[in-house]
Amino acid sequence: MSLSFDPDTLDLRRAHFIGGEYVADDAALELTRPSDQRPLGAVPVASAGTVDRAVETAARAQRESGWGRGQPRDRTRALHRWADLIDAHATELSQLEAVASTRLISQLPGIDVAVTSEQIRFFAELADKEGGALVPTSDDRLGMVLDEPYGVVGAITPWNFPISMAGWKLGPALAAGNAVVLKPSEMTPFATLRMAELSVEAGIPAGLVNVVLGDGPVTGTAMTGHPGIGKVSFTGSTLAGRAIMENIARAGVKPMTLELGGKSPQVVFADADLDLAARCIAGSIMFNAGQACVAGSRVIVAASVADELAARLVELMRPVNPGPGWLAETGYSPAISARQRDRIDQIVQSAITAGAEVVCGGAPMDMPGFFYQPTLLGGVDAANPAVTEEIFGPVLTLQTFTDEAEALALADHPTYGLAAGVFTRDLSRALRMTRAIQAGTVWVNRYGRSRDHILPTGGYKSSGIGKDLGREAYHANRRSKSVLIDI
């Protein structure tokens with residue numbers, strides 16, 4: 001059975017989801033389908049008043065339902081039911097995602113939706129297995145470290161992987177006993193709204209999952225500075241992350257988790273399996289047209305094998321069937337918007353002006369939609385714009401090295417430290433590099449996350465603060481209290 005569908009037949013909700021109900025608001029933001037540039041209608045922008053309503057609803061639901069005070073196993077069961085419903089509605093969720101985003105219907109059921117449900121199941125199992133501790137004190141005292149939910153967590157998710165990013169935020173926050181007010185990207189809200197609706201069907205008390213639509217300057221600012229939100233979790237650009245930190249600091253003090261931009265290196269040594277390295281590198285930059293924070297966009301290769309690797313990359317970086325995301329045969333994604341496509345091209349052209357050599361690609365694609373050619377740029381130095389700036393598109397740069405010290409120096413980016421890849425058959429070298437590279441995640445002889453949700457993700461430097469996924473994400477959604485009792 002074909003996964004293809006007609007996008008004009010979808011029922012797209014264009015309202016906030018607060019307290020288990022859709023809340024109408026004035027339409028303010030016009031959306032465009034990135035696959036064919038056709039209008040998608042308008043969605044509202046939540047005002048400070050609407051954000052107040054969502055936060056108050058969340059706080060009341062968290063308090064009155066006993067979600068954070070009752071048996072933790074009850075949270076586990078409810079979250080498992082939610083994950084089961086997400087799987088049962090995989091086709092519907094995939095269609096809602098494909099119509100507005102850059103994700104492809106051929107990938108969504110088996111990747112994005114499946115990963116989302118498994119993330120929720122992973123965090124569900126931590127609810128009754130992670131907790132406080134008794135600590136050693138003198139015999140006439142009892143020392144304890146208790147942990148408890150914050151109450152209301154504010155979450156903001158990006159447009160590149162909308163539903164799975166919602167799972168990143170909602171899973172640990174709910175498992176830890178919190179309510180959530182979530183703002184998806186204003187460009188890709190539809191699957192997230194349906195996912196929230198399914199949470200109520202699963203028996204999660206209404207008001208624990210609230211979705212407000214809107215932009216960063218209005219809605220995001222109202223959320224991150226809201227006194228009723230105890231903790232903020234954000235995934236997006238470094239620039240937006242800085243603005244969130246500033247807004248939180250102006251409004252008060254609260255903890256935050258920020259998973260931000262990256263400019264991740266992929267270091268290929270002469271002894272590497274070049275076929276494997278080329279497949280991993282090309283796959284990283286072709287997947288979602290390079291629109292991923294961990295995209296391995298900087299290839300750093302031993303000079304002796306650079307030409308051979310480049311030739312293999314050119315062969316692999318040929319887009320297969322670019323087209324509408326709702327057609328099963330489509331194999332290559334567009335940029336999310338005209339603005340993003342034009343930004344990609346502006347950086348590429350600046351890189352060429354600064355001396356970069358175009359090995360392949362280097363221009364927008366001449367077709368409907370916001371498509372950009374997969375691009376490989378050689379002859380770049382450390383100051384080239386394509387090396388210094390996060391492009392968030394299908395663009396690789398290629399630099400060469402002669403020894404391990406030079407490879408490490410090139411891999412170390414002055415701004416970012418989100419992820420890195422190392423390709424070598426030398427185990428000792430692999431271990432040295434993983435220790436030395438300044439990045440929150442390092443992959444060896446592979447590139448990209450698996451479904452091992454136990455592994456946290458997060459960055460060094462301007463790539464973020466704190467961790468998503470793993471036990472670390474669960475604990476980041478709870479706060480500790482020290483207790484000392486005289487007996």
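This is a predicted model: local features need pLDDT of at least 70, side-chain atom pairs count only at pLDDT 80 or more; totals for chains, interfaces and linings use all residues.
Two strands are taken to pair if DSSP finds at least two bridges between them. Strand E12 (residues 265-268) and strand E13 (residues 298-302) pair in the parallel sense, and 4 bridges hold the pairing. Gln266 also stands opposite Gly421 in E18; here E12 and E18 run parallel and are joined by 3 bridges.

These strands belong to an open sheet of 7 strands with mixed pairing, in the order E14-E15-E16-E13-E12-E18-E19. At the edges stand strand E14 (357-360) and strand E19 (441-444), each with a single partner strand, so one side of each has no neighbour in the sheet. From one strand to the next, the twist averages 25 degrees.

Strand E18 (residues 419-423) deserves a moment of its own. It is largely enclosed by the rest of the structure, because 5 of its 5 residues are buried. Both faces of E18 are covered, with Ala419, Gly421 and Phe423 buried on one side and Ala420 and Val422 buried on the other. Towards E19, the strand runs parallel to its partner, and 4 bridges join the two. One of the pairs involved is Ala419 with Thr441, its bridge partner in E19.

A second open sheet has 3 strands in the order E5-E6-E22, with antiparallel pairing. Strand E5 (133-135) and strand E22 (478-486) are its edges, each with a single partner strand, so each has one side left without a neighbour in the sheet. The twist in this sheet averages 25 degrees from one strand to the next. E6 and E22 pair in the antiparallel sense over 9 bridges, and Gly143 stands opposite Leu484 in E22.

Just after H1, Gly66 takes a positive phi of about 70 degrees.

Thr57 counts as buried because its relative accessibility is 11%, below the cut-off of 20%. A polar atom of its side chain lies 2.7 Å from the backbone oxygen of Arg53. Beyond residues up to four places away in sequence, Thr57 touches Ile18, Gly19, Gly207 and Asn210. The C-alpha atoms of Thr57 and Gly20 are separated by 9.8 Å, although the two residues are 37 apart along the chain.

H5 is mostly covered, as 14 of its 14 residues are buried. Just after H5, Gly177 takes a positive phi of about 100 degrees.

Thr238 lies in helix H8 (residues 238-251), and at 5% relative accessibility Thr238 counts as buried. Its side chain reaches the backbone nitrogen of Gly261 at 3.2 Å. Leaving aside neighbours within four places in sequence, Thr238 is in contact with Leu260, Gly261, Tyr416 and Ser462.

Ser333 is placed in the loop between helix H10 (306-316) and helix H11 (338-353). With 2% relative accessibility, Ser333 counts as buried. The side chain of Ser333 reaches the backbone oxygen of Thr102 at 2.7 Å. Apart from neighbours within four places in sequence, the contacts of Ser333 are Thr102, Leu104, Asn288, Ala289 and Phe371.

Methods. Residues are numbered from 1 along each chain as its sequence is written. Side-chain values use heavy atoms; hydrogens and water are left out. Buried means under 20% relative accessible area, exposed over 50%, partly exposed in between (1.4 Å probe, protein chains only). Contact means heavy atoms within 4.5 Å. A polar contact is a pair of N or O atoms within 3.5 Å; within protein, one must be able to donate a hydrogen and the other to accept it, and residues adjacent in sequence count only if both atoms are side-chain atoms. Axes are lines fitted to C-alpha atoms, for helices over the stretch in contact, and angles run from 0 to 180 degrees between N-to-C directions.
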